[in-house]
Amino acid sequence: MCGIEVATQGKRILSIKGDKDNPFSAGHVCPKASALKDLYDDPDRLKRPVKNVGDEWQEIPWSEAFDYVAEKLHHIQSQHGKDAVGVYLGNPNAHNMGAILFGPYFYRALESHNRYSATSVDQLPHHIVSRRLFGHMSQIPIPDIDHTQHFVIIGGNPLASNGSIMTVPNVKNRLKGVQKRGGKIVVIDPKRTDTADLSCEHHFIRPGSDVLLLLAMLHVVFEKQFHNAEALLPYAEELLEVEGYVKDFSPENVSEQTGIEASQVIKLVTDFCEAESAVCYGRMGASVQAFGTLTQYLIMLFNMLTGNLDRQGGMMFTQPAADILPVSSRGSMSGYSSRVRGLPAFAGEYPVACLAEEILTPGEGQIKAMVIGAGNPVVTTPNTEQLERAFSQLDFIVSVDFYISETSRHADIILPPVTPLERDHYDVVFHNFAVRNYATYSEAVVDIDDDQLTDWQIYLSLAERLDKLNGKSTAHYQTLWQKQPKGVIDDLLKSGQYGAHARVNSSASDNANGNKNANAQGQTDGIGKEGYNLSLDKLKAHPHGIDLGPLQSALPDAIFHEDKKINLDFDYFMPDIARVKTHFFDQKRKENQMVLIGRRHIKTNNSWLHNSPRMVKGNNRCTLQLHPEDAAKYQVQEGDSVKVTSRVGELFVEVEITNSIMPGVVSIPHGWGHNKKGIKLGVASQYPGVNTNILTDEMQVDTLSGNGVLNGVPVSLERM
C-alpha cells in the first residue's frame, strides 16, 4: 500500500525507495519494501515447477506439472471423497490481487469442506464480530488516526506491524500527530513495545485478561453515566442493555486478575470519555487468546457506547474505490463443524488448530492430500510438531510457493509463482482498511520469462483441468483468461462509488456529510463521488495513486443487514461471560506459573523475509525475553540458554533480560525455527531461531471462534 519508487536496468533491480509523490504514504518506506529486491534476486527462489523424485527436486514443464497435480487430486477424491483433499492458505494471499480474485475458482473446483487458513491464528474474531454486527465479515471499522484526540491500543504494536487491520503508512508520525494535537496515546500490553515507548501512557496487563479489563471499562461507562450512544440507538436499539451484562465486573473485582489497579481503570475510561474524540483499537494480542472474540466484541461495544463509532476521530468505515464487499461472501455462519473435535466452520473454513487431527484420525472425511497456497503452517500454527507428523503421512501434497520452506519441503510438487515486483498489483483487501480513502494500481516492474507464471495463472490452470476431469463445463474459463484479474479491478473501479458507472447513494447521511453529489433520495446512476470517474486506465495514468479524501460517516449504508440495523447478537456473545467467570474466578491460578506471548519486529513479517540478508543481520532477535525478577528466580543471566516446556512440546532458547516485559511473562517472536532438514533457505538457515509454535497448544482455542490461543500459553522454565 505504501508507494515505492523502483529503479531498474533491464531485469535488474537497482534500488527501492519511498515515493515522495504518493499522496497516501508521502515517501515513507519500511524495511520490508527494500527486502522485495532480496526476494527477486534470491538464488534460493524457485522459478519453475519442481517435483520430488526420491530425495531430489527435478524441474518439470508447467503443462506436465498441472496435469500431474490435477490427476492426483482427482484420483484421491474419487477414491476417498471430496473432503479427502484439504486446503491451507497463508496470509500472503491477502496481499495478492490474482490469488484473491482467481484462487477461489480452484478452491470451488475442489469442492472440499476441508479448508483452513492463517485467519484462524490471527484476525478471525474481527471477522465474526463484523459479520454479526454489521452483516459482512470484512466490514471492519478502523481507527480514524488522523483526527482522533485519544487513541487506546490493546494488544497492538503498529510501529512494528505498520498497522494491522489498519492500513497506516508512517504510523510513527501519525501517532506523534495525535500528541501534537494535544491528544493522548495509551497502550495496554504485557510488553512495553516500541509503540508503548512512544505512547503517553502504558499499562502492563496479564496475558489473556483483556476481556476482564473491557468488562470493567464498560462497567465504569454505566456507573459514571459516561455513555453517549444517542446517535447510534436508531441502529442499535438494545445497546444500553449492555449494562446488565457488565454489572458484576467492577474495576475492583478484576484488578487482581488483570494486574491493573481499579483507579487506573477508572481514569482510563474517564480520560477516554472526556476526550473530544477517541477510539479503542484491539489487535493481534487481543485476538489470539482464550477470549479473543468476546474481547473484540466488547471493544466494539465500548466504542459504540461512548459515541465513537462512525464518528470523525473514532472507529470509522472506509469507502474504498474498488469495493469488493458487495460482490464477495459476507461470511457464512455455517451449521457444520469439524469432523473430529466439532470446531465451528466460518466463511467456509475450519480453524487450523484442528488440521492435524483431521489428517491423523482415520474415517470418512479423513484428509489424504493437501494443497498449500503461500503458507508455512508447520512454522505458524499451534503444535507444529504434531502437524509435521501429520504431513509426513499424507498421500500427496502440492505447494504453491517459490521457496522450499519448512512446509513445502514435505510437498510432492511445488508450483512457484512470480514475486511481487513481477506482477501487477491492486490491494484488493487493504484499501478496505486504509486510514484515508485512496487508490493506486502498480504495474509489474520487470518482465518475466516465458516459462514463469503468476498465482492466478497457476490456480486457473488447475481449476480448468479439475473441472474437465470431473465432467464439468469449462467454457467460462476462456472469458476468465481474457479478462484477467486486472479486468475485474477495472469493473470494480468503474462500478464503485468513485467510478463512471457508480450507483451514487444520495441518502440523508451523505447530505449530512456535505457530499455535493447527494441532492436527492435513493440511488442514481452517474459520475461517482466528487467526479473522480475512476477506471483502471485512470489509475495507470496516475502511478503515484489518487487521494480520495478522509474517511466519512457511513451509517446506515455501511450495514449489510437487510433492515440496516446493527445486530448486537447478545444471545451469541454474552453467554461466553459464564466461561470468563469460571476461568478467572472459579479456577485457582497456579502460583509461579509463567505464561508465553509472542512479539513483532519491524524487520519481520511472520516467516516471510528471513531469507533476506538485510532483514536478519545484526543481533539475535529470536530470544526469550524475561523480566529481571524472574531471571533472578530462575538464576539465569543474559545470554544463558533455558528449556521452555508446555503441555505439547519443549525448546531451548537464548535469554534476553529486560524490564520491558512484565513479571510472570515470557516472550518469544513468531515465525522462526529454520533448522529443518531439507529446507533450501541459505540465509534463514544461518539465523534459524526457534519455533515458538512448538509450545502452543492445538487444544487451546477461543470457544466462540475456534481461533488459536497463541498468547497466555502456560509454560515452565529450566536453566540449562
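Biologist: Does Lys590 count as buried or exposed, and where is Lys590 found?

Modeller: In this predicted model, Lys590 has a relative accessibility of 60% and therefore counts as exposed, since the cut-off for that class is over 50%. Lys590 is found in the loop between helix H22 (576-586) and strand E20 (594-597). The C-alpha atoms of Lys590 and Phe226 are separated by 37 Å, and the two residues are 364 residues apart along the chain.

Biologist: Which residues have a positive phi although they are not glycine?

Modeller: Two cases may be described. Asn170 is not a glycine, yet it has a positive phi of about 50°. Asn170 is found in the loop between helix H5 (158-161) and helix H6 (171-180). The place of Gln225 is in the loop between helix H8 (210-223) and helix H9 (242-246). Gln225 counts as exposed, at 54% relative accessibility.

Biologist: Which residues does a cis peptide bond join, and what is omega there?

Modeller: The cis peptide bond joins Leu555 and Pro556, with omega at about 5°. Pro556 has its place in the loop between strand E19 (546-549) and helix H21 (570-573).

Biologist: Which strands are joined to E9 by bridges, and how do they run?

Modeller: Strand E8 (residues 150-154) is joined to E9 by 5 bridges, and the two run parallel. Within that pair, Val152 stands opposite Val186 in E9. E9 is also joined to strand E10 (residues 201-203), here by 3 bridges, and this pair again runs parallel. Ile188 stands opposite His203 in E10.

Biologist: How many strands close into a barrel, and in which order?

Modeller: The barrel is closed by 6 strands, in the order E20-E24-E21-E23-E22-E25, and the pairing is mixed. On average, neighbouring strands of this sheet are turned by 45° against each other, direction ignored. One of the pairs consists of strand E22 (residues 641-645) and strand E25 (residues 713-719), which run antiparallel and are joined by 4 bridges. There, Thr645 has Ser716 in E25 as its bridge partner.

Biologist: How is helix H3 placed against helix H17?

Modeller: The axes of helix H3 (residues 97-110) and helix H17 (residues 455-469) come within 8 Å and cross at roughly 20°. Angles under 35 degrees count as roughly parallel, so H3 is roughly parallel to H17. The crossing in which H3 passes H17 is left-handed. Among the residues that make the contact are Phe102, Tyr105 and Phe106 of H3 and Trp456, Tyr459 and Leu462 of H17.

Technical notes
Residues are numbered from 1 along each chain as its sequence is written. This is a predicted model: local features need pLDDT of at least 70, side-chain atom pairs count only at pLDDT 80 or more; totals for chains, interfaces and linings use all residues. Side-chain values use heavy atoms; hydrogens and water are left out. Two strands pair if DSSP finds at least two bridges between them. Axes are lines fitted to C-alpha atoms, for helices over the stretch in contact, and angles run from 0 to 180 degrees between N-to-C directions. Angles under 35 degrees count as roughly parallel, over 145 as roughly antiparallel, 65 to 115 as roughly perpendicular and the rest as oblique. A crossing is left-handed if the near helix is turned anticlockwise from the far one by less than a right angle, and right-handed if clockwise. Contact means heavy atoms within 4.5 Å. Buried means under 20% relative accessible area, exposed over 50%, partly exposed in between (1.4 Å probe, protein chains only).
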